[in-house]
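Okay, everyone, thanks for coming.

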Amino acid sequence: MRDETFRRLGAFVALCIRQRVRVLFILGLLTAVFAVLASGVPVRTEFSDLLPADHPYVQVNDRYKGGFGSSNMVSIMLEVEDGDIFRPEVLKTLHVLTRDLQKVDGVDPFQIVSLASKKLKEVRTSTEGIEIRPLMWPDVPADEAGIAALKLAVLNNPMAYGPYVSADLKAALVTVDFYDHLLDYHAVFEQICALVRQAEGPGIALSVVGEPMLYGWVDHYLPETLHIFLMTLGALVALLFLITRSWRGTLLPLTAGAVSAVWALGCARLIGYHFDPLVIVVAFLITARAISHSVQLVTRFDDEIARHPDRVDAAVAARTAMLALFKPGMLGVVADAGCMIVVILTPIPLLQKVAVIGTVWVATIAVSAVVLTPVLLSYVRRADAVAHPVDVSPMLARGLDRCVRLAAAPRVRRAVLASSAVVFAASLGYAFSIKVGDANPGSPILWGDSEYNRDAARINDRFPGADRMFVVAATGRQDGLKNPLVLQNMAGLQRFMEAQPDVGGTISLADIVPTVKRTLREGSPRYEEFGATPEENGELLYLFTSGADPGDLERYADNGFADGAVTLFFRDHQGETIRTAVARVKEYAAAHPLPGGGEYLLAGGLVGVLAAVNEVILAGQIESIALALLVLVVCCTVTYRSTVAGMFFMVPVVISNTLTFSYMAWKGIGMNINTLPIAALGIGLGVDYAFYIVDGIREELHKHRDLDRAIAQSLRSAGKGVLITALTLTASVILWAASSLRFQAEMGLLMALWLGISACCALFVMPAMVRMFRPRFIVGDISDPVSQQVPAMA
Amino acid sequence: MARTNDRYEYLHCLPASGSGGSALVVPMNRAASPSRSLGRVAAALVPALVIAALLYAGLFIKPSPTGQAVPTPPIERRDAFFGLDLPAPGVIWAAGSRGKIVRSDDGGKTWTVQPTPTVEHLQDLAAWNGRQAVVVGNQGVVLRTDDGGLHWSVVPAPRSEIANKLLRVVALQRGRALAVGEMGALLESEDFGRSWRRLVAERDVGFNAVALAGDTLWVAGEAGTLMRSNDGGKVWHTANVPVSASLTGVAFRDALHGAVVGLEGTVLITDDGGMSWIDHSVKAAGHLYDIAVDGDGWRAVGMRDVLLRGVPDGSKWAIERATGRSLAWHSKLVEGGGRWLYAGPGLSLVAQTAHAMAPRSGGGS
């Protein structure tokens, strides 16, 4: 049966080489078609992709964001250097900015709030009665007296003083919200930046934060990202050319990478997916896989040529290389694809799309490297010629000889295994401190000293916090919110939440009602309290809304006062902050149910949806890692007909993963929507090199029965390919460290680390393990020539 | 664990090297050593266990988020303390919103929240000493303690049918106490707050402040209300004042010299025991809520962190900042051990005690 399979494979390989013109024609045609398709793949970040639509928080957000504020809110702070904002020119600037924001694409004109908007109102008592009017709308006060009155009015207004005018009066805030479906990050970013430049002047500084701005920045750096991508590619070409000394060793791996990319992007277009610029790291990682497989084939091809210097036949050498590496290559591809597809279980559209495209992309390596590279190799004419005089192969050989000696010496290999065990144990412990969600204040996508993060720090310094979460107090009945017990309950929630230091402040209807009552009672703080009855609260609210737009309370409650928002302002959106806040809201809601039925609904706004994303990732991370490992174990078990094989190949994977997770924990890189696909892909990544090395050993043992010689031979052949890819990819990927996007720089380092550790595992640990444990699926029944004893497999 | 048969590859590809196959036929030497069978058992068991563990982890382990524990500070951001007292060195005792009473015995370094039987806003606290105190608040609630606040108990007090918010209480000698509030409430106790009786008939004017100057009782209230009684509250005389703003605070240095403050910067001064009142209002100060004797001069607090300091005859007033840390209101001011403390929002109280009270404990006053 197995022989039959193998004969078929041999026939297939022979067919590919024999019909190479047709194969090339078909592949070329397909590549051309996919290239046309791929050229039309839109590059953008789509907001709805980032959210787990089925999560209850996201549903609450979708239901209430129209009134209570969406997760796409942008905050603009206008700050003066000297004095306070109550100067004619400053107020005028604020006024113009607030007015012009209405022209930004996709903006919700009813959700532009600032001192200069109609939304911030003043309730004043005068001899004629109660007067409610906007603080500074439609016009800026004309004279000093008017400005002084405005200042007084602001100081007395908790809706303005604090949330929209800073406590030291040196800064004013403008918040803008958008219609999600009309939101175009690129346009919003450009237009708001233009408004900000226009508003900036001597003594007036502006800071802008918000998710649309963040993604706008990512978009802004797209050209730079492309530059780095091209430079990486250039470095890769140069290094490959230097090391392999041949055009085939340089161009074929690149061809494999390019063909895979074209096919995958073409497929993306066919399925209707777009390309998120933040996913470019994943793309590069998969391309690295394609290159690595191709390098293995070229290296093997070179070995075959070198083995028979008298009888150079490119076609036979290509056939041999393809046949010999077909199994480890396909095993690598299938294992990678299997690990990648597991990500689809995380119910976030972006991750599911990445999983699908990533799986397709990895699968194309089966064609682009495993088939296309040997077919092209069969065309090589002057196989023994070198393209340049610099020869680094002696250095590589020396390095590999050292690996061979490591594996051969019993004491040394024991030391290697012992130290790997120690490294594994230590990194395993440290890896558990990895955080879900963002691990630092500000955005982890950008550097700490980037303009965006500096702006965020400035705003969070002056105001209660730019990141918002709303909790809905849903009474489910008309005027339910007017019940003093309900208001007290909401105020209690606010009080409870404000004990958390990361919560800069909270606001709700329960803040408005007492303010109106206090105003009616000569402004006495002793009367800042709720009305005694629902009717009194209704009157107070009526006073507040009379003579105003009916929608003016919509940030706090719906029109029927059935459901209200408790809005929490956060100084940061670190994973820990969000988890603590959500747990505390739940704790309070469980201990203090809303009187008269109804419940608290979590959670909307940016922090609300981030909470949903983090919960989904947290719940799914064990699942994805465990299932990816399971896929790997199953692949190895089936391929080698041995469950021990599954265990054996888990070792390099587990070591490289615990080490990289430790690195993430150490560098404060949290597990979030951007890093999860890379982590999942990394599980498969660690094992490819090991497949080639171990399969090389097995194959050698078919020719003779000397295990040490087999290990040495495998390291010199497959090991050389591993070394070449590891060196070139690691060196090129380091260039990402120069990126203006911190996320890409960190992921570049992470990839370099991953590739380096995987190579080390394959070159040092795997041979030592083979030699030490002598698993039967590799060595069969060959007995140990030294000890005549097979140690137990741990 | 059958071996696969990859050996055929060279037979197919390189017919010249076809001799490789025969090398694999080797004699089996299966020595049945114990360590070897142990290894076999392990090799059979471990993979099964690992696969089962991975499957279990993948399907059933769903970590749920847990937050950090956040301790609730004794003084929260939303607390408002309308009344406080300094009955003994180092003791700060304050009452405020939602029935909250806090006490510090070390000048404000540490605070203890004292359990109370009410959630009504408490408007004022007055203590005779470190153990005995009385508190008044919304809905006519009156609380008292005999043990430094370990136990606060509700005391019955005369109530109105209409409105019952009590705003201020003062503790006088020999266990006497006076409380004022809405609907002309002026209540008196002579047994450390155990029992209370009305001193004036109910009427639709709120009283905001009460003070004793010599033998004369003074009560200030809404819309320029200012009354005095020389016989302990039986007969009341209305004082003529040149303002109509609500009066919120009254203080006397001696039987003759007194001052009254009110809304919109109202300041009234008398130097003849209240026969005549002179208007020294400081409009720019805004609403004022309380006044006290400060050495030879006067000291008043109000909205937006205003501190008004006046010369002895009350003719000149300077507007200063009470705490300088926020623009919070302050509803009462108390002096103790040479230091002033202002009742206000919780954050203001924390700011005042955290910074200013610290040197005092070192100075040993």
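So, chain A has 27 helices and 10 strands. Keep in mind that this is a predicted model. Along the principal axes, the C-alpha atoms of chain A fill a box of roughly 110 × 50 × 45 Å. Chain A has 794 residues, and 58% of them count as buried. As for contacts in chain A, take the ones between residues at least 6 apart in sequence: 80% of those join residues at least 24 apart.

Okay, on to the nonpolar cores. In soluble globular proteins, nonpolar side chains tend to be buried together. Here the largest nonpolar core has 279 residues. Which residues have the most contacts inside it? Those are A:Leu115, A:Leu629, A:Leu632 and A:Ile693. Helix 21 of chain A, residues 605-640, gives this core its largest share, 22 residues.

Let me zoom in on A:Leu632. Leaving out residues up to four places away in sequence, A:Leu632 touches A:Ala335, A:Cys339, A:Phe649, A:Met650, A:Val653, A:Ile683, A:Gly684 and A:Val687. There's also a second, separate core of 84 residues, and that one includes B:Leu199, B:Ala211, B:Leu226 and B:Trp329.

Now for two helix pairs. We describe two packed helices by the angle between their axes and the distance between the axes.

Pair one is helix 10 of chain A, residues 280-307, with helix 12 of chain A, residues 349-368. Their axes come within 9 Å and cross at roughly 15°. Angles under 35 degrees count as roughly parallel, so helix 10 of chain A is roughly parallel to helix 12 of chain A. The crossing is right-handed. On the helix 10 side, the contact is made by A:Val282, A:Ile286, A:Arg289, A:Ala290 and A:His293. Helix 12 of chain A brings A:Val354, A:Gly358, A:Trp361, A:Val362, A:Ile365 and A:Ser368. By class, that contact has 7 nonpolar, 3 polar and 1 charged residues.

Pair two is helix 17 of chain A, residues 484-497, packing with helix 20 of chain A, residues 575-591. What's the angle between them? It's about 145°, with the axes 10 Å apart. This crossing is right-handed too. Helix 17 of chain A puts in A:Leu493, A:Phe496 and A:Met497, while helix 20 of chain A puts in A:Ala581, A:Arg584, A:Val585 and A:Tyr588. Those contact residues divide into 6 nonpolar, no polar and 1 charged.

Key:
Residues numbered from 1 in each chain as written. Chains lettered and ligands numbered in written order. Predicted model: local features only at pLDDT ≥ 70, side-chain atom pairs only at ≥ 80, totals over all residues. Axes fitted to C-alpha atoms, helices over the stretch in contact; angles between N-to-C directions. Helix = DSSP H or I, 4+ residues; strand = E, 2+ residues; numbered from the N terminus. Left-handed = near helix turned anticlockwise from the far one by under 90°. Contact = placed C-beta atoms within 7 Å. Nonpolar A, V, L, I, M, F, W, Y, C, P; charged D, E, K, R; others polar. Core = buried A, V, L, I, M, F, W, Y, C linked by C-beta atoms within 7 Å. Buried ≥ 20, exposed ≤ 12 C-beta atoms within 10 Å, placed from the backbone. Parallel < 35°, antiparallel > 145°, perpendicular 65-115°, else oblique.
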